[in-house]
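Good morning, and thank you for coming.

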Amino acid sequence: MDKRIALTVNDEQVNAPEHCTVAAVLLASPGVATRVSVTGEARGPLCGMGVCFECRVTIDGEAHQRSCQIPTSDGMVVATRGTDSYPREYEQYLSEQIVNKAYDVLVIGAGPAGIATAVTAAQAGQRVAVLSDDPHIGGQIWRHDHAKPLGRFAADWRDRLSRSSAEWIASASVFASPKPGVLLAETPTGPMRIRADQIVLACGARERFVPFPGWTLPGVFGAGGLQALVKAGMPIAGQRVIVAGTGPLLLAVADYLRSRGANIRFIAEQTSRVKLARFAGDLLLREPMKIVEAAGFAWRLRGIPFRPNCWPTRADGDSRLQSATLTDGSRRWTEPCDALACGFGLVANTELPRLLGCAIEHGFVCVDADQRTSVPNVFAIGELTGIGGLDKALLEGEIAGHVVAGRFDLAAALQRRRTKAFGFVARLADTFALRDELRQLPDAKTIVCRCEDVTFEQLRTQPDIRTAKLHTRIGMGPCQGRICGCATEFLFGWDAGSVRSPIFPVAMKSLAGGE
Amino acid sequence: MSAATCDVAVLGAGIVGAACARALAMAGLRVAIVERATIGGGATAAGMGHVVVMDDSDAQFALTRRSQQLWDELSSQLRASVEYVQAGTLWIAVDDEELDTVRAKHAYYTSRGIVAEMLNADGVARAEPNLRPGLAGGLRVPGESVIYPPCASLWLVNQAIERNATLHRAEAKRFDRTTIELSDGSTLTAGAIVHATGIGATRFMPSLPIRPRKGHLVITDRYPGFARHQIVELGYIKSANGAENESVAFNLQPRKTGQMLLGSSRQYDVTDGAVQPHMVERMVARAFEYMPALARVSVIRTWTGFRAATPDSLPLIGPMPGWPGHFVATGHEGLGITTSLGTAELVVTHVTGQRSSLDLNAYLPTRFAEVAHG
């Protein structure tokens, strides 16, 4: 059995298994929302991966900590309500020196793409570091599971990484680039300045959320978000879960949650039966292995209704989710549930590439066949260049690993498969494009910006994102528009706007520089 | 192409233009506002929103004091989004020399009817517990306030629109006396034209002695109660009025949201609006000298803007020689949020001949030879 540790949550003693995140522990305590919004709503975690900032709590006196990114430790003191006491012990903190590091190759992101680059480049003799905002390697798809070992294939890559000379830097958020080839990151032990001759961006993707009435209730999660939280220790056994949204991720999430004892009511896929059939036919012709994978899901998910052409229209509950209302375009029905796991596709995390000045087109980083971006010595791989899943990520990671090591022949040998992978990217995007009806989901009072509680009504008359930001405060909160920006792009066609350092909230000390 | 007429056209809907438009509309004139982008989206959006009385010169005092009183009069009408809060200002002295300055400032303020209170070291510590120990003292000016400038501008524009002002989403391209050719192809003929386009006014009137002066700001997450006053080091006055190419001063503002806004920096001769890490580093390091507890506070955003700076730190308000029917209202440097309302009063006087309690001459652009002999 797991070792158990003791924490204090809102002045009460709580026992929890070791190796969970703080968010998972809070979700295991019934009735504890992680925070109160600026208009007084109870809120719980949404994204599960450090992006949405809904899971902020005060930990050991320090306010605004993302509980989904922080592992529990014995004796930790957690408060979910606003605090009036702030840490006064700053002397030691102020005297912390910035740590300087230098590498041949720095990889940002430790999912499959980043791991593949790090392993490949390290094997070729490069001095490599791989860094991630998460406490564990694996990224989203190979996310660390507190209760279950990694699958054999993923474990094999992880072991290759740990056997290689590549250095692993955990829980590091890159927030600035004072000059080309230099990045600043915040880590649990203080700020770090990293110089690298070549930078490989493998920042991955996050889920897109489409606002609908009630989507801010605790109990509404991202699809990948709920999976991430359960992997981090949130109990799900016996809970009634509806999985909704779009894309192949829904099947993987339902499959995983079921394996952990969730009672999956059904899967609601917004795309049409016709598009799905065409997609399946294409797969059969071009990617038979993917059909095998899908058949595996189908087998394990037998008995769970899969409803194409179906999407959520509202969520209801008294300060937490109690039911969801769904529609298939003609009929509308309400279903009691404990969790609504709901993701509307993936969007690339382009904040760092944009900060570095990389050219972006249609939401993805532009790269050549060698994975080079428009900025010299900066590469991009994986979901950043197009949502294509695991195979494409590993392939691009290996290509970049060869190129940064100067082994162009080895890279060239892989490039034919890369072209094929981009065919899959296009088919995914086309099959799971969001339907127009989803733009009609928000009502006047639906909150679009969860950090600042800006409603749909306040936004629909705004001419552009900049005016909306300045006059309504949308996107001005700690998530820096990562959640609402994707929503307003879909709802109103607004572009993402500019990025400036810090691209992640950081302690003011981290901005102080120093040698 | 459409052609419109009005009594006065106000170019620019930053806070100065917005205040002018409201005041002119309230004086009964038909006003047209011309703004190419976001209302309150230029230097206004980059400003802190501190409504403050300054005493660098008698003219500066008169304009800031009158303006601060006007803001107070408006405070009960302002929308919640303007985030008006009477936080007061706390000027900080680090040593005896600065304490002498504080005493002089105290005498100047109180002799002119402003409530101000001298604080000793303990008093400063009680007023702001997060300041470091060992400061010499300070001056508390409780009547001063904080607003959110973009929404203040929007409120002023909406007040003008309620009094039948029109808003033209375009840019002035060319002038033929007092007819304006706009970027949307339409023309606007006005009895008078007010240029309230900040640094942009030099595009048509290059003789105006204004230079862009870049500033950086840093905003934190919400920490309600962490700071209570707008806290400003006395050195701020030196930084604001000095001619140094690059300077920083500690200036911290508690916002109604619980966030804190940290300034300030001043740079001449930089035209690129990008955030410069070395300036942020200097500002943050300066802040830690006064309030080291800020080290652990979470910062969520930084930005920059350009102040329209004049050689004598006073704005340029009045008729423009060689431009019959044209008036300027620009050059407010870092005080435009405060002085917008006083400026509007002066502009109404220039345009209509209505009386003002302020002395028109101190702010005329013609006080500079290059303008007078344009």
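Chain B is divided into three parts: domain 1 (3–47 + 149–209 + 313–372), domain 2 (89–142) and domain 3 (211–309); such bounds come from an automatic or database domain assignment. This is a predicted model, in which local features need pLDDT of at least 70 and side-chain atom pairs count only at pLDDT 80 or more, while totals for chains, interfaces and linings use all residues. Residues are numbered from 1 along each chain as its sequence is written, with chains lettered from A and ligands numbered from 1 in the order in which they are written.

In chain B, the C-alpha centres of domain 2 and domain 3 lie 20 Å apart. Their contact takes 13 residues from domain 2 of chain B and 13 residues from domain 3 of chain B, where contact requires C-beta atoms, placed from the backbone, within 7 Å. On the domain 2 side, β4 (89–93) and α4 (96–111) of chain B each give two or more residues; helices (H or I, at least four residues) and strands (E, at least two) are DSSP runs, numbered from the N terminus. The largest share of that side, five residues, comes from β4(B).

Turning to chain A, the helix α10 covers residues 389–404. Just after α10(A), A:Gly406 takes a positive phi of about 80°.

Terms used
The expected span of a helix is 1.5 Å times one less than its number of residues. Two residues are in contact if their C-beta atoms, placed from the backbone, lie within 7 Å.
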